[in-house]
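Hi,

Here is the structure I promised to pass on. Have a look at it first, and my notes on what turned up follow below.

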Amino acid sequence: MIKLDTTKVAPFVSAETINALEPRVTEAQKALEAGTCPGNDFLGWLHLPTSITPEFLAEIQATANVLRQECEAVVVAGIGGSYLGAKAVIEALSNSFQWLISSPRGGQEGANPTILFAGNNIGEDYLSELTAYLRTKKFGVINISKSGTTTETALAFRLLKKQCEEQRGKDVARKVIVAITDAKRGAARTCADKEGYKSFVIPDNVGGRFSVLTPVGLLPIAVAGFDIETLVRGAQDMEKACGADVPMAENPAAQYAATRFALYEAGKKIEILANYQPKLHFMAEWWKQLYGESEGKDKKGIYPASVDLTTDLHSMGQWIQDGERTIFETVLSVLEPEHTLLFPSDEENLDGLNFLAGKRVDEVNKMAELGTQLAHVDGGVPNIRIAMDRLDAYHLGQLIYFFERACGIHCQLLGVNAFNQPGVEAYKKNMFALLGKPGYEKETEAIKARL
Ligand code: PA5
């Protein structure tokens with residue numbers, strides 16, 4: 001099980017202060033279970049892991065197998081919650097140099113297709129370069145949008161659908177385009193039904209940023225060749241470990257939520273999620289969306305930031321050590337890397353590092369982590385540590401559910417609705433007004449007057 005260590009918070013907020021939050025945490029847990037919290041029509045994620053059946057996973061895997069057999073590359077089109085979970089898990093589990101490895105690509109027995117992402121930006125160069133790359137590839141598309149109307153994703157899907165049909169013919173395109181969307185509403189659903197695409201439903205009661213354990217995350221992860229059954233098993237075990245019946249002292253999500261809240265109340269308004277494994281970069285991006293979009297409202301909420309260490313010790317490290325003391329740090333630590341590599345000895349020893357020769361590279365990394373933790377605590381930065389035995393599907397499943405559950409609890413301590421995102425509409429309204437979308441005539445006039 002992943003382990004939470006909050007002992008390095010003690011110099012800043014006492015254990016008594018955190019423990020005193022237990023009644024409020026219990027109340028929050030009960031409200032989640034009873035469905036009496038704000039946004040209670042979006043609580044489908046709460047018992048999602050334990051409700052996933054082997055038959056459902058088999059259906060996802062069967063669809064993934066079709067894409068794996070038919071495609072050298074699969075483009076996952078989606079943004080926000082319809083993108084980051086799959087991206088995070090695939091990055092965490094993939095070889096760091098998957099792009100350059102010239103082993104057989106998808107479309108052949110046992111080979112993994114290249115997974116690409118689109119629909120998460122409006123970069124003309126990005127889309128041009130992506131479509132150019134795909135010109136010589138047998139590719140498929142997973143179109144993911146709960147609303148089915150998101151501009152970024154719809155734009156990418158228009159381009160990719162047309163190109164796929166032109167390159168592979170309509171019949172094959174129908175086989176290698178999959179939709180993951182609402183059961184009834186939205187353009188993605190209408191298109192999937194009209195074209196006869198294989199489709200999966202994003203349940204009404206699961207919001208985008210809580211949807212990684214639905215087909216939104218599971219299908220791309222399975223197409224990439226990773227074990228979704230084990231990922232879900234990890235989440236199921238964590239669902240049990242974080243349940244409302246587990247007392248706060250033994251409940252990692254309750255502990256994390258209470259500790260964050262106590263730190264926030266003590267003036268620590270920014271949380272930096274730090275990792276020491278580059279493969280976790282996108283896990284932090286997923287976490288930022290989960291927490292940022294869930295709790296940043298009503299002029300409240302911890303600002304979720306992230307750093308990749310030790311890389312960023314040579315940039316943001318200065319700020320963390322010495323800048324304004326409004327931050328705390330949460331470190332994601334992987335106890336055992338997948339590979340073993342020893343620090344090499346060098347006859348000349350010009351860099352003076354022969355004292356490390358023969359040690360595992362990970363030992364150096366771990367001492368960097370420990371040294372940094374102590375330095376940051378000395379510098380006034382409270383530290384939470386989340387340790388996972390290995391960076392594998394099982395532990396990632398645990399981590400996902402742990403963060404989701406803690407987020408649900410923390411938002412209630414803050415007094416915000418975790419499950420809406422009213423702030424996201426503001427940019428869309430302005431963008432459509434500026435682009436002259438039909439129905440936005442008044443807004444267009446008003447915004448042009450401001451320019
Ligand atoms: O968490 C959320 O609800 C959002 O980030 C959405 O996932 C994101 O806006 C994409 O929405 P959709 O899936 O409707 O295209």
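Before the numbers, one term: buried area is the accessible area, taken with a 1.4 Å probe, that two parts lose on being put together, summed over both. Also keep in mind that this is a predicted model.

On the domain 1 side, Val232, Lys279 and Phe282 supply 31% of the area buried against domain 2, more than any other three residues. In terms of contacts, 23 residues of domain 1 meet 24 residues of domain 2.

What about polar links? There are six residue pairs in polar contact between the domains, counting pairs with both residues at pLDDT 80 or more. Helix H11 (228-241), helix H13 (281-295) and H16 each put at least two residues into the side of domain 1 that touches domain 2, and H13 has the largest share of that side, with eight residues. The rule finds one salt bridge across the interface.

Now the inside. The largest nonpolar core has 120 residues, and Trp286 and Phe403 have the most contacts within it. Leaving aside neighbours within four places in sequence, Phe403 touches several residues, including Tyr256, Trp286, Trp287 and Ile386.

Cheers

Notes
Residues numbered from 1 in each chain as written. Predicted model: local features only at pLDDT ≥ 70, side-chain atom pairs only at ≥ 80, totals over all residues. Heavy atoms only, no water. Core = buried A, V, L, I, M, F, W, Y, C linked by side-chain atoms within 4.5 Å. Buried < 20%, exposed > 50% of the residue type's maximum accessible area, 1.4 Å probe, protein only. Contact = heavy atoms within 4.5 Å. Salt bridge = Lys/Arg side-chain N within 4 Å of Asp/Glu carboxyl O. Polar contact = N/O pair within 3.5 Å; in protein donor to acceptor, adjacent residues only side chain to side chain. Helix = DSSP H or I, 4+ residues; strand = E, 2+ residues; numbered from the N terminus.
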